[in-house]
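Please look over the chain shown below before reading the notes that accompany it. They are meant for someone meeting this structure for the first time.

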Amino acid sequence: MSTPAPIVLIDVVADNIARMQAFAHEHGRQLTPHVKTHKNVHIGKMQLEAGAGGLTAGNLSEAEIFAAAGCADIFLAYPLWAVGTKATRLKRLLQNTRLSVGAESTAAIDRLAEAAGEFTGLLGIVVEIDCGAERSGVPPEEAGRLAAYARDRGLVPLGVFTYPGHGGAVGKPEGAAEDQALALRHAVASLADHGVEAHKVSAGSTPTAQLSTDPVITEIRPGEYVFNDCDNLRIGDCEASDIGLFVASTVVSDQGHEHVILDAGTKALAREGDPDRGYGRVPSCEGRLSRLNEYHGFLRLPDHGVRPGVGQRVAIVPNHVCPIVNSFEELIIANSHGELIDRWPVDARGQLN
Ligand SMILES: Cc1ncc(COP(=O)(O)O)c(C=O)c1O
C-alpha cells in the first residue's frame, strides 16, 4: 500500500452505523445519513441495510450516484439552484427516485418547479430554516410562507429541515440542539398556519444527533458518525475506539526539529483545523499535526515520547474527516485486527455539482 492512503476499519464503521441506527429506532426517528462523509456506495448500502430510511446528499452528483446504486429515497439537503444542466438532471432523477430537495427562497422554488416540468407533483420540497448557524435557511416563522408557495407551484411541501452547525465546538452541542428543537417547533407551527402538515422535520449533524430527542423531530441526518474524527473526540462525542478512518502516512524527513515530516499534507487532509487545534493526531506517538503544506505534514512530537523514524508508517486521525475521502480514489478496507479486506472506490469523489 502506498501512502498517504485512507484506511477504513469496517468493523468499527459497522458498529458506528448500528449504534446510531439503534438510537434512531429507540426514539422513533428516521435515520437519513449524509453520504458526503464517505461518498461510497458500499457504506451507503450498509447504512440502508441497517435500517436507514433513505440517504441525504449534498449535491446533485451525490444524489445521482446513490440513486443509480439503488437508493430509492434521497433527500438533497441543499438549496439547489436548478438551472441549465442541473435542471435537466433533476428532472431525470425525479423519474426513478423518490426525491426531496431543500429550498429557502421563492426564486429557487420557481426554478425547481420549472425544472421538474410535468413531474412537479413528484418533487418533495423541504424548507430550510436557520437555527443559529447563520448559513442557509430562512427564519422559522417564514417557513410556512415558503411551503405554501411550493404547494401553489404544484410541488409537494414535505416539511422543514435545519443544520445546527454552531454545535461543533466544545460545550456547544447541547445549546445548538436546543436551538434546533425550538426553531423546528416554530417552523412546524408556521407551516400549520399556512395549512401545510409537516411530515418531515429533519435535524442535522453528528454532534447533535443523539440530542435530537424533541418530539417534533421526525428525522436525523448525521454524516460524520460513520468514521468520527479528532473534532468529535475533542467535544466528547465519540471514544478513540469509535474512529473508523485513519490516514496511513510515512515519515519522509527527520531533521531533528521538534517535528518530523509526514507525506500527508493539505492535498490529503485538506486544511481542516488551525494551529491551536492542530490538523490531526497520531495516537501511536501522541503526536499532533501542527502545520500542513500541500504534501508535507509537520508532526509535532512530545518532548520525551516515541520518535517515529524515516520510513516508518503512522496512522493519522484527521481533524475533520469529511473532506478526506475526496482526496483519494479508493478506500483501503481493513478491520481492527489489522487484516486487509478489500479496496472500495470513492464513488462520488470530486463530484462537486
Ligand atoms: C445539511 C447538512 N445535513 C447534515 C450534515 C451532517 O452533519 P455532520 O457532518 O456533523 O454529521 C451536514 C454537514 O455538513 C449538513 O450540511
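The structure is a predicted model. Its chain is assigned two domains, with domain 1 covering residues 10-227 and domain 2 covering residues 240-345.

**Domains and their interface**

- The centres of domain 1 and domain 2, taken over C-alpha atoms, are separated by 32 Å.
- Where the two domains meet, 16 residues of domain 1 are in contact with 18 residues of domain 2.
- Between domain 1 and domain 2 an area of about 1400 Å² is buried, and carbon and sulfur atoms give 61% of that area.

**Helix α3 with helix α4**

- Helix α3, made of residues 60-68, and helix α4, made of residues 85-94, have axes that come within 11 Å and cross at roughly 30°.
- Angles under 35 degrees count as roughly parallel, and α3 and α4 are therefore roughly parallel to each other.
- The crossing of α3 and α4 is left-handed, and the contact is made by Leu60, Ser61, Ala63, Glu64 and Ala67 on the α3 side together with Lys86, Arg89, Leu90 and Leu93 on the α4 side.
- Sorted by class, the residues of this contact between α3 and α4 are five nonpolar, one polar and three charged.

**Helix α4 with helix α5**

- Helix α4 also packs with helix α5, which spans residues 106-116, and their axes come within 8 Å while crossing at roughly 60°.
- That angle makes α4 oblique to α5, and the crossing in which α4 passes α5 is right-handed.
- From α4, the residues Ala87, Leu90, Lys91 and Leu94 meet Leu112, Ala115 and Ala116 of α5.
- By class, the contact of α4 with α5 has six nonpolar residues, no polar ones and one charged residue.
- Leu90 of α4 takes part in the contact with α3, and Leu90 is also listed among the α4 residues that meet α5.

**Helix α5 with helix α6**

- Helix α5 packs in turn with helix α6, residues 143-152, at an angle of about 20° and with the two axes 10 Å apart.
- This angle makes α5 roughly parallel to α6, and α5 passes α6 in a right-handed crossing.
- The contact is made by Thr106, Ile109 and Asp110 of α5 and, from α6, by Arg145, Leu146, Tyr149 and Ala150.
- The residues in the contact of α5 with α6 divide by class into four nonpolar, one polar and two charged.

**Two points of the backbone**

- A cis peptide bond, with omega about 0°, joins Thr3 and Pro4, and Pro4 is found in the segment that comes before strand β1, residues 5-9.
- Lys39 has a phi near 50°, which is a positive value in a residue other than glycine, and Lys39 is found in the loop between β2, residues 30-31, and α2, residues 41-50.

Definitions and conventions: Residues numbered from 1 in each chain as written. Predicted model: local features only at pLDDT ≥ 70, side-chain atom pairs only at ≥ 80, totals over all residues. Heavy atoms only, no water. Axes fitted to C-alpha atoms, helices over the stretch in contact; angles between N-to-C directions. Helix = DSSP H or I, 4+ residues; strand = E, 2+ residues; numbered from the N terminus. Parallel < 35°, antiparallel > 145°, perpendicular 65-115°, else oblique. Left-handed = near helix turned anticlockwise from the far one by under 90°. Contact = heavy atoms within 4.5 Å. Nonpolar A, V, L, I, M, F, W, Y, C, P; charged D, E, K, R; others polar. Domains from an automatic or database assignment. Buried area = accessible area lost by both parts, 1.4 Å probe.
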